[in-house]
Amino acid sequence: MSDAALQPLTIVEIQRRVGAELDRIGSVIDELGALFAAAGEELALVGGPVRDAMIGRLQNDLDFTTSAVPDVTERLVSGWADAVWDMGRDFGTIGCRKGPWQVEITTYRSESYDPSSRKPDVDFGDSLEGDLGRRDFSVNSMAVRVPSREFVDPFGGIVDLAERVLRTPGAPEDSFSDDPLRMMRAARFAAQLGFSVAPDVVAAMTAMAGRIEIISAERVRDELVKLVCAPHPRLGLTLLVDTGLAAHVLPELPALALERDEHHRHKDVYEHTLTVLEQSIDLEHRLGDGPDFVSRFAALMHDVGKPRTRRFEAGGIVTFHHHDVVGAKLTRKRMKALRFSNADTDAVATLVELHLRFHGYGSGEWTDSAVRRYVRDAGEQLERLHILTRADCTTRNQRKADRLRRAYDSLEERIARLSEEEELASIRPDLDGNQIMELLGIGPGRDVGQAYAFLLELRMEEGPKSPVEAEAALRAWWAGRTS
């Protein structure tokens, strides 16, 4: 989203934008609205698509709400859509595709949580206004009836959109009691849209933060991913910490706001972390288009081992020895609790564990074998490690910052040179397992693994060997081992 999209808008400008967007998708909304009207049913474009049309960022996903029950909706769209699916039928939703448009149509409904339940109770409603009243925020509680294109805004969403503020349609305590995940959605929307959050909403989030624990880990995880991948994650993360929600869903983050030592000689690790996150975002173009969750979450978690490892030493010195290793373990534990995939967990934990490795490089003292190990240990995360290491420099000392940048430039140049010469990204021994067994006259077993490890270490230390050199080295190692 461009910065221009975040600037305050007049209501006249909002109305102009939404009119233009509705004209752009008129072939879809008018046809679909006519189908439902002919069957005596109501249909309205609703929620996020209406909001996004008003700020000029409407995508191809269109959400509708209707008076029709799912069976009727499915019958009406079956002859119109290119494809129809009903995985959301239990929640009143029928999905379909029409050309490039992904459409979801949901029966008017109301839903709420039992105080001890992780799953909402869903009941069908009987009016558009009632359906809008159950939604999370006023900016998501606007609708456009189709095919008439009548704008419906019973809770002042257009004014809140113009003022870029998040409010709930009713009392925030009622909204968050009905669905506690809405508290995280407030943080996510703040991060996505660059909106502020109304004081009464913040107060309710603070008072009810503990209620987030009835929500499943998977739903919390999905909101957290969207927040971290948003254009302005600092806004959402700060809101989670300030309201106490982070203490329940990502407690490692508020723990970074360490008490300063009596001499005020170490930085606020929490603020440092948010700065590293923002600096990593500035560099993620190196990974391609779009936000990269693994890179961003690694930046967020890279120092989570510091609270566990903080020590005060003589002279007021504060140390955090081995916080990289401890942080990697804490990261794995948190990501497992949030039901992240093994692949994402391994990637983020690897980056956290390696984020300090570069600081042994100095001004280029590493041998080529040390550079090879750096690349091997980073594996597929090498480019992300480049980003995290560069982003981790938040010093205000420009001379120190320039020195670190030049050193990392040097390391990347050496990696590029060695990669060109040695296919560094796929370092393997110069002989494979079958060749080892044939040369030594042994079968599968531990000896083959040890021989393989010897050849890999030789490859790391001395670079590529010819087959003759590798064979000679292997035979010498074997003879020394069996003598």
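Trainee: Which residues does Ser 175 touch, not counting those up to four places away in sequence?
Mentor: This is a predicted model, with residues numbered from 1 along each chain as its sequence is written, and local features need pLDDT of at least 70. Side-chain atom pairs count only at pLDDT 80 or more, whereas totals for chains, interfaces and linings use all residues, and side-chain values use heavy atoms, leaving out hydrogens and water. With contact meaning heavy atoms within 4.5 Å, and residues up to four places away set aside, the partners of Ser 175 are Arg 135, Asp 136, Thr 168 and Arg 182.

Trainee: How far apart are the C-alpha atoms of Ser 175 and Asp 136?
Mentor: Ser 175 belongs to helix H7 (residues 172-178); helices (H or I, at least four residues) and strands (E, at least two) are DSSP runs numbered from the N terminus. Asp 136 is 39 residues away along the chain. The separation of the two C-alpha atoms is 6.7 Å.

Trainee: Is Thr 107 buried or exposed?
Mentor: Thr 107 lies in strand E5 (residues 101-107). Buried means under 20% relative accessible area, exposed over 50% and partly exposed in between (1.4 Å probe, protein chains only). Because its relative accessibility is 2%, Thr 107 counts as buried.

Trainee: Which backbone oxygen lies 2.7 Å from a polar atom of the side chain of Thr 107?
Mentor: Beyond four places in sequence, Thr 107 is in contact with several residues, including Thr 66, Ser 67, Val 69 and Phe 124. The backbone oxygen at 2.7 Å from its side-chain polar atom belongs to Ala 68.

Trainee: What is the relative accessible area of Arg 339?
Mentor: Arg 339 sits in the loop between helix H16 (323-337) and helix H17 (342-354). Its phi is positive, near 65°, although the residue is other than glycine. Arg 339 is classed as partly exposed because its relative accessible area is 46%.

Trainee: Where is Pro 147 placed?
Mentor: The peptide bond leading from Val 146 to Pro 147 is cis, with omega near 10°. Pro 147 occupies the loop between strand E8 (143-145) and strand E9 (150-152).

Trainee: At roughly what angle do the axes of helix H11 and helix H13 cross?
Mentor: Axes are lines fitted to C-alpha atoms, for helices over the stretch in contact, and angles run from 0 to 180 degrees between N-to-C directions. The axes of H11 (residues 233-243) and H13 (residues 269-283) come within 10 Å, and their crossing angle is roughly 155°.

Notes:
Polar contact = N/O pair within 3.5 Å; in protein donor to acceptor, adjacent residues only side chain to side chain.
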